[in-house]
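Me: Could you take me through some backbone and side-chain details, one question at a time?

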Amino acid sequence: MQSKGILPRLLLVAVMIIAMFSAFKSYQAMQQGKEYSYSEFQKDLKAGKIKSVEIKQNEKIPTGKIIVHFKKGKEKMTDVDDTKNIVKQIDEYKADSKADVKVNILPAPEDNLLLRIYVPILLGFIALFILLTFFINAVAGGGSNSKMANFGKSRAKMVVEVKGIDYSKVAGLQEEKEELEEIVDFLKNPRKYIDLGARIPKGILLEGPPGTGKTLLAKATAGEANVPFFTISGSDFVEMFVGVGASRVRDLFQEAKKNAPCIIFIDEIDAVARRRGTGMGGGHDEREQTLNQMLVEMDGFGVNEGIIVMAATNRVDILDPAILRPGRFDRSVLVGRPDVRGREEILKVHAKNKPLSDDVNLEEVARITAGFTGADLENLLNEAAIMAAKEGFKFITQKDIREAMLKVGVGKEKKSKVISDKEKKITAYHESGHAILFHLLPDVGPVHTVSIIPVSSGAGGYTMPLPEKDDNYLTKGKMLQEIMVSLGGRIAEELILDDITTGASADIMQVTALARAMVTKYGFSEKLGLINYDNDNDNVFIGRDLAHSKDFSDETASDIDIEVKNIVNDCYAKAKKLIEDNIDILHKSAELLMEKEKIGREEFEALFN
C-alpha cells in the first residue's frame with residue numbers, strides 16, 4: 001500500500017475513538033436516566049399513571065434513586081432525599097385508590113469510581129497508542145507505506161500483459177519489425193537460441209525523429225512476445241538528491257529479474273545517458289552516477305537471462321559511448337519517417353475507427369503528406385474528424401482532410417481579419433512570385449494551393465506545394481531551387497510595388513540558413529572544397545564542450561560569408577529573370593487572388609495555358 005493510504009487509516013482510528021467515547025457516554029446516560037423531578041412523580045402517582053416503582057436506596061443514608069415504570073411503557077428516573085417517604089406515599093395511595101402499584105426495593109449501588117474516572121483515561125491511552133502505531137508504520141518504519149522509503153524505488157510501471165497492441169497495430173515500419181522479430185522469437189522460445197550458443201542482444205536502441213513510433217514499436221514487441229513490460233522515462237531516474245537515481249536503477253533491474261523474461265523500455269534515454277566528462281556538475285553529478293549504475297546493471301545480468309532492455313531517443317549523437325558498446329545496447333534500429341507506402345498504411349490504421357466519405361482517397365493524402373511522421377498523420381485525421389463533427393457531419397470528407405492539413409501545416413485561417421486593399425495587393429504579388437517559381441522549377445513543385453488569407457502563424461498568406469515523390473537525398477540543384485523559390489516573394493514586390501516590405505523576413509532567414517549549410521556542411525562550394533566548417537553551436541547543450549572555439553581562421557570565415565552571399569545573389573538573379581519572363585502571369589495570378597483570395601492547382605496552372 002502506498003503512502004496515500006495513511007488518510008483512510010487515520011479516519012478509521014478517529015471513528016474507533018468516537019465510537020468508544022459514545023459507548024461510554026451512553027452507559028453514563030443509562031446510569032443517570034432522564035430528568036424527572038419529585039413533584040412530577042407525585043402528580044403522576046395521584047393521576048394513576050404509574051404501574052410500578054423500583055427503589056434503589058442507600059444502606060447508610062436514606063437517600064437513593066427511584067425508577068418509575070408507567071402504564072403506557074415509559075420509564076423515568078429521579079433522585080430522592082428519603083426513600084422511606086416514597087414507600088409511605090405509595091402505600092397511602094394504594095389504600096385510598098385501591099390501585100395496584102408494585103414496589104420493588106433494591107440496595108442502591110455505590111458510585112463506581114473506576115467507570116467514572118479511569119475508563120476515559122484508559123480509552124485515551126488506547127487511542128493514542130493506535131494513532132502512534134499507524135503513524136510509525138506509515139511514515140518512519142512502514143516500508144512500502146512511506147514516501148521516504150519509496151524515494152529510492154523505481155518509478156517504472158509494470159504491465160503484466162500488454163493487451164491490444166501487437167505488430168498488426170504498427171504500420172509503415174516493416175523492416176524495423178523484422179529486426180525485432182528475432183527478439184520476440186527468443187522470448188517465446190529461448191532454448192532454440194541457447195542450444196546453438198547464440199547471444200541475444202541485451203539492449204536495443206530505437207533512434208529516430210519524434211513521432212515516428214518508437215514507443216509504440218516497443219509496446220508492440222512486448223505484446224507480441226506476451227511478456228511483462230516495464231516502462232519508464234529517462235527523467236524519472238534523476239532527482240536533486242545524489243544517489244537516488246542509482247538506487248532506482250538498481251531497484252528496476254531487481255524487479256525485472258523477478259519477472260523475467262520481460263522487456264524494460266526507457267523512453268528518452270538521453271535525459272540520463274548523456275556523454276560524461278563535460279565538467280558540468282563535477283565527478284559526483286547525480287546524472288553521471290545514475291548512468292554509471294545503469295552501465296553496471298546492464299553488464300550485471302547474464303547472457304540470455306530473458307531481460308531485454310529497449311530504449312528510445314532522437315539524439316543518439318549525445319549518448320555516452322560506453323552505453324552503445326556491444327554487451328549493453330548491442331543493436332541500433334533506425335525508426336525513420338515513413339515513405340509514401342508507409343504513410344498510406346499508417347493512415348489506414350488510424351482511419352479504421354473513423355467513418356470516411358466515399359470521396360476520401362488515402363493514397364492521395366499519403367502522397368501530399370511527404371515528411372509526415374506517424375504522429376503527424378494521426379493528428380491530421382483527428383483534426384479532420386473534429387472539423388467534421390463541428391459541422392455536424394456523420395462522415396469525414398476529403399475537404400475536411402485538406403483543411404486539417406492546412407491547419408496542421410500552416411495554421412488556422414483567420415478569415416475574419418480585416419485586411420486593407422493595399423495589403424491584399426502586396427500579399428497577392430508576394431505569393432504569386434513564390435507560386436510561379438514553384439511551377440517553373442522542376443524539383444520543387446507543383447503548386448497545390450495559393451492563398452492571401454492570413455493564418456494563425458502570423459503570415460499574411462501562403463503558397464503550398466504538392467510534392468510528387470519522396471526524396472531520400474537533397475541534391476545541390478534542388479537546394480538552389482528552394483533558395484530561388486524563397487526569394488520569389490521579395491522579387492515580385494521589387495518588380496511591381498514602389499517599395500519593399502518585411503513580409504520576406506522568414507524567407508530571407510530560410511535562404512541564409514540553407515546557403516550556409518551548403519557551404520559549411522555539405523561541401524557544395526568549389527572555393528572552400530570538401531571540408532566541414534560547421535561549428536556545432538549546440539555542443540555545450542548536448543554535453544560535449546563548454547569552451548568550444550571555431551576550427552578555422554578568420555580568413556576562412558570571411559570566405560564562407562562571401563560564398564554564402566554569392567550563392568544567394570546568383571539564385572536571386574536567376575529567379576528574377578524567370579519572373580520577368582512571366583510578368584503577365586504574375587499580374588493575372590495577383591488579380592485572381594485578390595478576387596477569390598484562394599486558388600487551387602487547376603486554376604493556377606490554367607493561367608499558363
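**Backbone and side-chain details**

Glu268 lies in the loop between strand 8 and helix 10 (286-300), where helices (H or I, at least four residues) and strands (E, at least two) are DSSP runs numbered from the N terminus. This is a predicted model, in which local features need pLDDT of at least 70 and side-chain atom pairs count only at pLDDT 80 or more, while totals for chains, interfaces and linings use all residues. Residues are numbered from 1 along each chain as its sequence is written, and side-chain values use heavy atoms, with hydrogens and water left out.

Me: What is the relative accessible area of Glu268?
Reply: Glu268 is not a glycine, yet its phi is positive, at about 50 degrees. Because buried means under 20% relative accessible area, exposed over 50% and partly exposed in between (1.4 Å probe, protein chains only), Glu268 counts as partly exposed, with a value of 35%.

Me: Is Asn226 buried or exposed?
Reply: Asn226, in the loop between helix 8 (214-225) and strand 7 (229-233), also has a positive phi, of about 60 degrees, although it is not a glycine. With a relative accessible area of 52%, Asn226 is exposed.

Me: Which residue's side chain forms a polar contact with that of Thr556?
Reply: Thr556 is placed in helix 18 (residues 554-581) and, at 16% relative accessibility, counts as buried. A polar contact is a pair of N or O atoms within 3.5 Å; within protein, one must be able to donate a hydrogen and the other to accept it, and residues adjacent in sequence count only if both atoms are side-chain atoms. At 3.1 Å, the partner of the Thr556 side chain is that of Ser553.
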